[in-house]
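Work through the exercises below with the sequence and the coordinates at hand, and try each task before reading its solution.

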Amino acid sequence: MHEVIICEKPTSAQKIAQALDSKAKMQKYNKKVKYWELNHDGKDITIVSAVGHLYSLTPDNPKDKVYFDLHWAPLYEIDKKSKAYTRDYVNAIKKFAKGADSYIHACDYDIEGTLIGYTALKYACGEDSLNKASRMKFSTLTKKDLLDAYENRIDIDMHQVDSGIARHVLDYYFGVNISKALISSVSKAKSRYLKLSAGRVQTPTLSILVDREKEIKDFVPEPFWILKALLENDIVAEHVDGKIFDPERAEEILSKCRGKDGSVDKIKLSNSTTKPLVPFNLGGLQAEAYNVFNFSPKKTQTIAQNLYTAGYTSYPRTSSQKLPESLDFKNIFNGLKNNKEFKVHIDQLPSKLKPNEGKKEDAAHPAIHPTGILPDKLDKDELKVYQLIVYRFISVFFEAAKFESMNTTVNIADELFSFKRRRVTHKGWMEHYPYRSIDNEEFPDVKEGDTIAVEDIISEEKETKPPARYNQASLIKELEKRELGTKATRADIIAKLEDRKYISGTKIEVTQLGENIIDTLKEYCANLTSEELTREMELKLEGIDEDKSSKEEVIDEGKKEVITILDDIGKHEKEIGSKLYDSYQETNIVGKCSCGGNLIKRYSPKTKSHFVGCTNYPECTVAYSLPKGARFLKKTCEKCGLPMISFGRKPPTHACLDPNCGKDKTKTHNPEVVGKCPECGKDLVKRSGRYGDFIGCKGFPKCRFTASVDELDSILKNS
DNA sequence: GCAAGGTC
């Protein structure tokens, strides 16, 4: 009897192999793909693994205008470049699953996991395999849970499968088709290709940002006053009313207190503790790396994945803030101790290892933690993230930090002012987590009843501030809260919005294009801009899960809705397209042209490079080529007023957008002819470029012959 | 060319 077990990812395959047979043998297919051969209760078992989804939806006919007829195809066929690696996994499954007597579906127990195993069985092992398949249901990868799941296998939950399929189909129907409609509106109106998109997650995310933008725009600041007493020994005390919105009241306090001395009214001493921070889940790590190192969530995620693949840290796509004892903390610390800097901290650990945990849980994985295997080679940024993970892990086992606070109230002419001091009495975990500053202020030497000299009373006028813009880390938190996207996709969603030029900046601002996308979609498919669609879909999918509605019904309803939306958009195509394109142009404005038009950054598909041109083209032919990777600086050239750019590395060059700025313009318009082009026979001319003078062909861009000035003599001789 | 989801 031969049994095949299919897992979602190689790490869980390994855990299952070890749980079933401590002598399980890991082997490799095509030098890359791991699989395991073992014996459990006298049965020969092969364990193979997927790498997440191996199959994805694709249109039956890619030439269709609208995509409603879809089928499942291997990912490596759909995305030939970035998913090429999945081919070996599919082939391995095909090879080892052939002719097995029974199959076990052992992917993660959630909708996507169920679908991953289902498509792997159906399309890689053959439809018949589903008749011989059972399902392992486990929520942790501990030996006990896995053995339990193996012994008590259940049937594959077809409602779960259908609900997963419906999710994929609906996301495709809405996302791809509406994106296509937006793109086509621009192409109809302006004959230009503009990559635009909309989707169940990205559009509500953009909408959140637009709402915040509106709140900021509509915000009416209100003035208020803070009154401060400048006391002896550089102590500053603030009036206990805090923000004072009534200017007369502020004036009253000021005139009442000026020139008077104060007396210490009350001193309140109190103690407080600060518990250790909680273990990292992916969102937590992304937020901390953003705040401490300014790393984008996407960058942190990539680094965490690399550290995991290399074996230095645990599985990164977890939402858990818990560290179960089964992780064998002692063993991890023993490994980490081989690093001198870590050892200093580990040696001070309490004998009883009990971590401070957070509330969030994850069915399949614990919080992110080091494995105890020390890395030998990491680049600068990887090392930063690795150390952050290690120190956070160590610090959660220490005791709380203790603080002593002194809150002093000073009476000046019957008005109360107060000041606070806080000092650390026991550093606890904070001594082992070097990414937080520790309050340690000196307590001034005063006691109740003391007279205290007042040097001045000042009134500071301030105003209330609008809500802050989101940054990438706080936006991810917001998406978590609203349950939009998943822990694995949130960073990508934000990167996508940036790529589409819907948003920009570290303090995220929505561009005019982003605003117009939301305006347009609100008009034609309001469902997509709110979280409604997600909620609605969830309910319907749950319906499938609970056998209340069929997959077909839910998909058909979605199809009808999309058809109506596309119809509406089609009726106003040109209007929508021009509005979107014009606002896109705006996002690329880099400065003013001398003709009065705007200078915009554009892309030339012919030369595959960016350049700057004027919006009045073809009447105005002003154009400047851009060096690779050029960024626009926030200043303009002192000589000509054009924007300044920065390009190159170490150190970057800062220069005027016009490479000929300050040079004799007649030269560039009437370049000196120095000979004939050896490639096309046209005139060779002397040109000046960003990096100095060079020889170019007048036949440019058809002929791309160039040479340095020094090479000129030998070129002319040879031809 | 377009989504969102899983994973290396």
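This is a predicted model: local features need pLDDT of at least 70, side-chain atom pairs count only at pLDDT 80 or more; totals for chains, interfaces and linings use all residues.

Residues are numbered from 1 along each chain as its sequence is written, and side-chain values use heavy atoms, with hydrogens and water left out.

**Exercise 1.** Determine which residues of helix α15 are buried and how they are arranged about the helix axis.

*Solution.* Begin with the burial list: in α15 (residues 490-499), Arg-490, Ala-491, Ile-493, Ile-494 and Leu-497 are buried, that is, under 20% relative accessible area with a 1.4 Å probe and protein chains only. The helix itself is a DSSP run of H or I with at least four residues, and a strand is a run of E with at least two. Next, look down the axis of α15: the buried residues line one face of the helix, because they fall within an arc of 160 degrees, taken over the directions from the helix axis to the C-beta atoms. Then find the cover, which includes α7 (202-218), α9 (282-293), α10 (297-309), α14 (472-482) and β16 (503-504), where contact means heavy atoms within 4.5 Å. Finally, α15 is followed by Lys-501, whose phi is positive, near 65 degrees.

**Exercise 2.** Identify the elements that give two or more residues to the lining of the largest cavity.

*Solution.* The lining includes Leu-170, Phe-174, Leu-533 and Val-554. The contributing elements are α6 (158-190), α17 (532-545) and α18 (551-571). A cavity here is a set of points on a 1 Å grid over the protein atoms alone where a 1.4 Å probe fits but cannot get out, and lining residues have an atom within 4 Å of a point.

Conventions: Chains are lettered from A and ligands numbered from 1 in the order in which they are written. On a 1 Å grid over the protein atoms alone, a cavity is a set of points where a 1.4 Å probe fits but cannot get out, and a pocket is an open set with protein on both sides within 12 Å along at least five of seven lines; lining residues have an atom within 4 Å of a point. Buried means under 20% relative accessible area, exposed over 50%, partly exposed in between (1.4 Å probe, protein chains only).
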